[in-house]
Amino acid sequence: MRKQRLELKSVMISTMSDRPKLTIAYSTLPNRVQSIVFPIRRDDREILVLVQNPKEVSYVLEERSAKLVELRNIGVAKSRNAALERASGEYLLFGDDDILFNETGISEAIQYLELNPDCSIILAQARDDSGALRKDYFKEVKPLRLTNSARAATYELIVRVDSIREKGIKFDEDFGAGASNYLGDEYIFIADALRAGLKGVHLPTVIATHPTESSASKWGTPEDLGARRKIFTRVFGWRAPIFRAGFLLKTKNPNPGFINSLRFIFKP
């Protein structure tokens, strides 16, 4: 009996150690699979490639170490949710097909998570293709709050998989690239997690490089203002006009104009 218990314990320890430390989940389309620049192969890492392919287009994934997940729908939030469901790693890092990851930054982020088991979300930093930081980031570790995480990008996020699953946190599929509200899925995800009692931090370490152009580059257009308005409604409800006004005051982007500003603040 004692021998059986020891053998069972050994199997349990082996099973636990077999779990990858990190899953990196790339969201892509059939015609962009070949654009992915994969990180170095590691035994403690899992690579997922989630291909949104509703038309069942033919393509080839040449990276043998990656696990392919085909989705019959479109929308980056749907892809992120599929990654949350399928990730085997303790931690999950979200990638797109135009992202280059920084190994040093990833290691620093994982070390922080290991040393801080109450932290479920890290919002790290990224550079553009010129080497400049993509935005004004905090220069020291700061707690994530509803009032300081609205500019989050998915490729800046690393999450603790088990705690996110336990709270049932998912990306809102009405937001993000591929949806009519083409941005805001990251902020809503963070907001839902914080309101569920999870904790996170801004971590001043660079984990990714992303091209200069992004959905944020459309700032100030009617489409952009309409999408951002709905984000604040989703997060703050009836208090949304207050936070929309605060957002306009804090942003360093060009002012969208008096009439557009009023519409942005007060339109439902």
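Me: What covers the buried residues of helix 5?
Reply: The cover includes helix 2 (76-86), strand 6 (119-127), strand 8 (157-160), helix 4 (161-166), strand 9 (199-209) and helix 6 (222-236). This is a predicted model: local features need pLDDT of at least 70, side-chain atom pairs count only at pLDDT 80 or more, and totals for chains, interfaces and linings use all residues. Residues are numbered from 1 along each chain as its sequence is written, and side-chain values use heavy atoms, with hydrogens and water left out.

Me: Which residues of helix 5 are buried?
Reply: D185, E186, Y187, I188, F189, I190, A191, A193 and L194. Buried means under 20% relative accessible area, exposed over 50%, and partly exposed in between, with a 1.4 Å probe and protein chains only. Helices (H or I, at least four residues) and strands (E, at least two) are DSSP runs, numbered from the N terminus.

Me: Switching to S163. Where is it, and what does it touch?
Reply: S163 is in helix 4. Leaving aside neighbours within four places in sequence, S163 is in contact with S120 and L198; contact means heavy atoms within 4.5 Å.

Me: Is S163 buried or exposed?
Reply: S163 is buried, at a relative accessible area of 11%.

Me: And A126, which element is that in?
Reply: A126 lies in strand 6. A126 is buried, with a relative accessible area of 0%.

Me: What does A126 touch?
Reply: Not counting residues up to four places away in sequence, A126 touches A132, L133, R134, Y137, Y155, E156, V206 and A208. A126 and A153 are 27 residues apart in sequence and 9.0 Å apart in space, C-alpha to C-alpha.

Me: Now S27. Which side chains does the S27 side chain make polar contacts with?
Reply: Q52, at 3.1 Å, and S79, at 3.0 Å. A polar contact is a pair of N or O atoms within 3.5 Å; within protein, one must be able to donate a hydrogen and the other to accept it, and residues adjacent in sequence count only if both atoms are side-chain atoms.

Me: Where does S27 lie, and is it buried or exposed?
Reply: S27 lies in strand 1 (residues 22-28) and is buried, with a relative accessible area of 6%. Beyond four places in sequence, S27 touches L50, Q52, V76, S79, R80, G95, D96 and D97.

Me: Last topic, the helices. At what angle do helix 6 and helix 7 pack?
Reply: About 130°, with the axes of helix 6 and helix 7 (residues 240-250) 9 Å apart. Axes are lines fitted to C-alpha atoms, for helices over the stretch in contact, and angles run from 0 to 180 degrees between N-to-C directions.

Me: Which residues meet there?
Reply: R228, R229, F232, T233 and F236 in helix 6 meet A240, F243, R244 and F247 in helix 7.

Me: What about helix 7 and helix 8?
Reply: Helix 7 and helix 8 (residues 258-266) pack at about 140°, with their axes 7 Å apart. P241, R244, A245, F247 and L248 in helix 7 meet S261, F264, I265 and F266 in helix 8.
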